[in-house]
Amino acid sequence: PARFNDPRTVRVENDALTFRRCILATGSRPVAPPIAGLEHVSYLTHENLFSLKELPRRLAIIGAGPIGVEMAQAFHRFGSRVTLIDQATRLLPREDHEASQLLLDQFQQEGIQVHLDTQVLEVASQDKVQQLQLKTPLRTELVEADQLLVATGRQANVEHLDLEAAGISYQSQGIQVDDHLRTTNRRIFAAGDIIGDQQFTHAADAMARLCIRNAFFFGRRSWPTYPVPHATYTDPEIAQIGLTAAEADRQGLAIDTYRVHFSGIDRCVLDGNERGFIAAHCRQGTGRLLGATIAGHRAGELINTFSLLMSRRLSLGTLSNAIHCYPTQSQALQQLGD
């Protein structure tokens, strides 16, 4: 463990390390929701889930965000009987409504037990069985499982660093940084989950590259203003960049939405991957891209094209001018540009 002594010194056990530049990258940790009895039972998080040596016969998962839905489908396909629970009214509540529904349809088709708009009132353990008391708008019921996975988010690791001694401003959700990822102490930079925003591995990698340039090579690079893409690796995959249609509506932005379904793409038909779509949202009357959603096979691969468009401020119609190999799934992008 390390903690700051003052704005230019870090103490590690008995050693005081004086620095000219410092990068904070202490990451984040799982957050446990305030559920009665949860602190008295043994539960899994994404940090210890992958240490399991045996497949649980029954797995209950609290949280239908990215980690929850990915692990729900994975363990169901391994052979566990999975019950997925969330207070939200849909899977992946931050994603596009149509994409969420597509994934819910797939889960129901596979036989994953999904409890949405459901509150976990209490958790208890009896004879190594986890017991969850659930409350829906219509009834209460008891769900039993051999293992419980809590996937309800993460929070930045900012405690125990004595950030005040270094003159670093922070809140519980993360450290305050400027456009150059510099903290309120000009000698100290921060990267990754500790900032509290964009908690994705690829975002942390990009932040680390930026910090190294700015901290050690006198760079003046700024964190990009264009959105960072992300993907949820279920089947079908769900990928997103920028605004959804609902977010644009909340912000009062008039948009044109362009949509292509994979059922009309020859390669997707040949591969049996017709399920899914691409939707791109542009400022009304222009080709300026505000956001895009992809639901379907290899969505995480295709979303990167929209990241390039937005980073270079290229219009959606640019996709129409590029020649794509036939037959490929990426022809959906060309059709979208058309």
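The following dialogue examines selected features of a predicted model.

Visitor: How many bridges join strand 10 to strand 11, and what is the partner of Q130?
Guide: Strand 10 covers residues 129-135 and runs antiparallel to strand 11, with six bridges joining the two. In strand 11, the bridge partner of Q130 is A145.

Visitor: Which residue in the turn between strand 9 and strand 10 has a positive phi?
Guide: Strand 9 and strand 10 pair in the antiparallel sense over seven bridges, among them one in which V120 has L134 as its partner. The two strands form a hairpin with two residues between them, and the residue with a positive phi, of about 55°, is D127.

Visitor: What distance separates the end C-alpha atoms of helix 2?
Guide: The expected span of a helix is 1.5 Å times one less than its number of residues. Helix 2 (residues 97-110) has 14 residues and should therefore span 20 Å; the distance between its end C-alpha atoms agrees, at 20 Å.

Visitor: At the start of helix 2, which backbone nitrogen does a side-chain oxygen of D96 reach?
Guide: A polar contact is a pair of N or O atoms within 3.5 Å; within protein, one must be able to donate a hydrogen and the other to accept it, and residues adjacent in sequence count only if both atoms are side-chain atoms. The side-chain oxygen of D96 comes to within 2.8 Å of the backbone nitrogen of E98.

Visitor: Is T183 buried or exposed?
Guide: T183 lies in the loop between strand 15 (174-175) and strand 16 (188-190), and its side chain reaches the backbone oxygen of N185 at 3.0 Å. Buried means under 20% relative accessible area, exposed over 50%, and partly exposed in between (1.4 Å probe, protein chains only). With a relative accessible area of 5%, T183 is buried.

Visitor: What kind of aromatic pair do F4 and F19 form?
Guide: Rings of Phe, Tyr and Trp (its six-membered ring) pair if their centres lie within 6.5 Å; planes under 30 degrees apart count as stacked, over 60 as edge-to-face and the rest as tilted. By this rule the count comes to two aromatic pairs. For F4 and F19, the centres are 6.2 Å apart and the planes at 75°, hence the pair is edge-to-face.

Visitor: Of F75 and F78, which is exposed?
Guide: The two residues are three apart in helix 1, a separation of about one helical turn. F75 counts as buried at 8% relative accessibility, whereas the exposed residue, with a relative accessible area of 58%, is F78.

Note on methods: Residues numbered from 1 in each chain as written. Predicted model: local features only at pLDDT ≥ 70, side-chain atom pairs only at ≥ 80, totals over all residues. Heavy atoms only, no water. Pairing = 2+ DSSP bridges. Helix = DSSP H or I, 4+ residues; strand = E, 2+ residues; numbered from the N terminus.
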